[in-house]
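Reader: Please show me the model, and then take me through its features one at a time.

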Amino acid sequence: MDIRGGNISVTQTEADWLVVSVTEPVEITGALEKLDHALGGLVMRLKASNDLTGKLASIIPLRGVTGIAARRLLFVGLGKAEELTAGRLDKALVTAARAISDKPATRVAFVVPSSSVGVISPSKFACATAVAIQVGSLGQDLFRTERNRYPFASVEIISADGGSPGLGDAIQRGRIVGQAINLTRDLVNRPPQEITPVGFAIRAEAVAAECGLRCEVFDLNRLKQERMESLLAVSQGSPQPPRMVIVEHHGGGPNAPRLALVGKGVTFDSGGLSLKPSEGMVTMKCDMAGAATVLGALSAVARLKLPVNVIGYMGLVENMTGGAAFKLGDILTARNGVTIEVLNTDAEGRLVLADVLSYAVDAGADKIIDLATLTGACVVALGEDVAGAFSNDQSWCDSVMAAASTVGEDLWQLPMWDMFDELIKGDVADIKNTGGRWGGAITAARFLKRFVADTPWVHLDIAGPAFASSNKPHREGGATGFGVKSLIELVRRFGSLSDDC
Ligand code: BES
Ligand code: MN
Ligand code: ZN
């Protein structure tokens with residue numbers, strides 16, 4: 001999408017929609033004052049009649065306006081300036097972008113305030129606008145003849161005071177981040193017959209080539225050589241061969257620390273022989289969202305040329321019920337020698353991650369974060385919009401939580417007490433792959449902990465927020481791209497770079 005920073009006045013900008021943000025209470029200064037003059041006091045009247053309130057994510061579309069160069073005007077509420085956060089701003093701007101992207105070939109202009117709104121600086125505002133425009137105008141309707149959403153034909157991001165010095169860089173950063181989120185969403189929204197392990201790996205190679213990432217793909221033989229028996233067991237029941245994709249960005253020096261991003265990439269989770277009922281299976285193309293988030297984030301890290309060493313590991317399998325499928329009672333020896341008793345083939349994500357995590361450790365990761373649509377239990381605990389965080393190192397976990405909170409993604413830390421190990425202690429092997437119903441998100445995390453040795457590690461269970469069941473004004477249903485922004489921000493912090501977006 002063509003996104004430019006313009007330096008034209010708000011009244012003279014030609015567009016199908018001009019989008020202007022309003023705080024609560026409404027203050028008619030800056031862009032609003034200019035518009036009010038040009039529109040003959042319309043803004044004052046809307047305020048007086050209480051139609052324009054500035055409440056968070058409220059929108060007032062005005063069609064057929066005269067007196068300004070734009071054909072239509074959209075006011076969007078930001079809520080109270082002192083309460084504005086990255087998350088609230090995102091909600092407001094995506095709502096606006098979604099509301100005006102229902103027709104093809106729309107030219108839009110978004111106005112960025114000329115001074116900070118609460119803690120949000122003009123350049124942060126511009127960056128968030130560029131992200132929201134891209135995310136809000138892409139739907140999950142990839143295969144509909146008549147679409148619900150259409151990408152904009154052109155976008156101008158203009159400053160309320162006419163000039164836009166310094167906004168250009170912020171807009172470019174926002175473009176890159178928005179593209180990364182949409183890449184992740186696209187991969188998750190595509191059907192499982194297309195995004196098989198091989199299909200995912202092909203897309204990853206193309207993305208890597210475009211962004212300047214090093215990319216290596218392990219095939220079945222290589223995975224066998226690496227003794228990744230736990231991952232391989234999951235893929236046994238499928239005619240689709242497994243893959244592990246490794247993408248590397250070496251932006252730091254050779255001696256700079258390495259951050260590993262690990263993603264669960266189950267391209268379809270039928271549950272295996274512990275078969276899921278249809279209601280639970282219907283969205284299971286989303287079970288590779290962790291891997292897609294890692295790839296999306298790395299694409300942005302590379303294109304932003306962040307001076308940091310980051311390596312992404314994506315474990316890709318399909319969990320099916322074929323005649324060769326792994327069985328309840330099977331004993332697997334993971335890559336690091338830990339033996340696992342399979343009690344439920346639907347607890348497959350941890351089996352995939354076990355081997356990928358231990359590979360990342362052996363490859364010399366200094367810090368690890370993994371993302372996985374791992375447990376329904378985490379959705380029961382935290383709801384559909386919040387990811388669970390689990391860690392073996394509080395200070396690393398604090399960094400991850402701080403990064404997520406800066407970008408407005410909601411994480412909640414759950415305990416990792418030793419006593420939970422009791423629930424996954426094996427009778428025949430070292431550990432069982434399920435600890436039963438109670439504390440299911442935590443026992444899954446305690447299972448993963450066995451494969452990261454002493455490396456500082458955070459596990460994010462994104463089973464809730466990765467995939468949305470329905471449309472909301474501020475969010476398209478389907479894949480959300482949750483986690484991409486947090487990972488990019490985490491990489492910045494890992495390289496001691498300031499958050500500038
Ligand atoms: N992929 C699922 C978890 C999931 C559930 C993701 C809902 C997204 C939305 C995972 O592989 C799974 O099936 N977990 C089981 C674990 C159980 C068998 C111990 C679950 O949560 O029921
Ligand atoms: Mn499963
Ligand atoms: Zn799964």
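**Cysteines, sheets and a metal site**

Author: The sulfur of cysteine 397 lies 13 Å from the closest cysteine sulfur, that of cysteine 378, which is too far for a bond. This is a predicted model, in which local features need pLDDT of at least 70, side-chain atom pairs count only at pLDDT 80 or more, and totals for chains, interfaces and linings use all residues. Residues are numbered from 1 along each chain as its sequence is written, chains are lettered from A and ligands numbered from 1 in the order in which they are written, and side-chain values use heavy atoms, with hydrogens and water left out.

Reader: How many disulfides does the rule give?

Author: A disulfide is a covalent bond between the sulfur atoms of two cysteines. The rule asks for a pair of cysteine sulfur atoms within 2.5 Å, and the count comes to 0 disulfides. For cysteine 215, the closest cysteine sulfur belongs to cysteine 211 and is 11 Å away, too far for a bond.

Reader: Is cysteine 397 buried or exposed?

Author: Buried means under 20% relative accessible area, exposed over 50%, and partly exposed in between (1.4 Å probe, protein chains only). Cysteine 397 counts as buried because its relative accessibility is 0%. Cysteine 215, with a relative accessible area of 29%, is partly exposed.

Reader: In what order do the strands of the 6-strand sheet lie?

Author: Helices (H or I, at least four residues) and strands (E, at least two) are DSSP runs, numbered from the N terminus. Two strands pair if DSSP finds at least two bridges between them. Here the order is S1-S6-S5-S2-S4-S3, in an open sheet of mixed pairing. The edges are strand S1 (3–6) and strand S3 (59–63); each has a single partner strand, so one side of each lacks a neighbour in the sheet. From one strand to the next, the twist averages 20°; axes are lines fitted to C-alpha atoms, for helices over the stretch in contact, and angles run from 0 to 180 degrees between N-to-C directions.

Reader: Which strands in this sheet run parallel, and over how many bridges?

Author: S5 and S6 are parallel and joined by 6 bridges, with valine 111 partnered by isoleucine 158 in S6. S1 also pairs with S6 in the parallel sense, over 4 bridges, and here the bridge partner of glycine 6 is isoleucine 158. By contrast, S3 and strand S4 (residues 72–77) run antiparallel, with 5 bridges; leucine 62 has leucine 73 in S4 as its bridge partner.

Reader: How many residues of S6 are buried?

Author: The number is 6 of its 6 residues. Ser154, Glu156 and Ile158 lie on one side, Val155, Ile157 and Ser159 on the other, and both faces are covered.

Reader: Which strands does helix H4 lie across?

Author: Contact means heavy atoms within 4.5 Å. Helix H4 (residues 122–136) lies across S1, strand S2 (17–22), strand S5 (107–112) and strand S6 (154–159), and runs at about 155° to S5. Helix H5 (residues 167–189) also packs on the sheet, where it touches S1, S5 and S6, and its direction makes about 165° with that of S1.

Reader: What is the order of the 8-strand sheet?

Author: This open sheet, again of mixed pairing, has the order S7-S8-S10-S9-S13-S17-S14-S15. Strand S7 (214–218) and strand S15 (411–413) are the edge strands, each pairing on one side only. S7 and S8 are antiparallel over 5 bridges, and arginine 214 stands opposite glutamate 248 in S8. Strand S8 (residues 243–250) has 7 of its 8 residues buried. On S8 there is also an antiparallel pairing with strand S10 (residues 309–319), over 8 bridges. Strand S13 (residues 367–372) and strand S17 (residues 457–461) are parallel, with 5 bridges.

Reader: Which residues coordinate the manganese ion (ligand 2)?

Author: Donors are N, O and S atoms within 2.8 Å of the metal (3.2 Å for Na, K and Ca); water is not among the atoms, so sites may look incomplete. The manganese ion (ligand 2) is coordinated by Asp269 (OD), Asp346 (O), Asp346 (OD) and Glu348 (OE), at 2.1 to 2.2 Å.

Reader: Why is the arrangement around the manganese ion (ligand 2) irregular?

Author: Four donors count as tetrahedral if all angles lie between 85 and 135 degrees; four count as square planar and six as octahedral if opposite donors are over 155 degrees apart and all others between 65 and 115; anything else is irregular. The 6 donor atoms here subtend angles of 72 to 169°, which makes the arrangement irregular.

Reader: How far apart are the manganese ion (ligand 2) and the zinc ion (ligand 3)?

Author: They are 3.1 Å apart, and aspartate 269 coordinates both. The pair links distant parts of the chain: aspartate 269 is in strand S9 (residues 258–269), and glutamate 348, 79 residues apart from it, is in the loop between strand S12 (339–341) and helix H11 (349–362). Aspartate 269 and glutamate 348 are buried.
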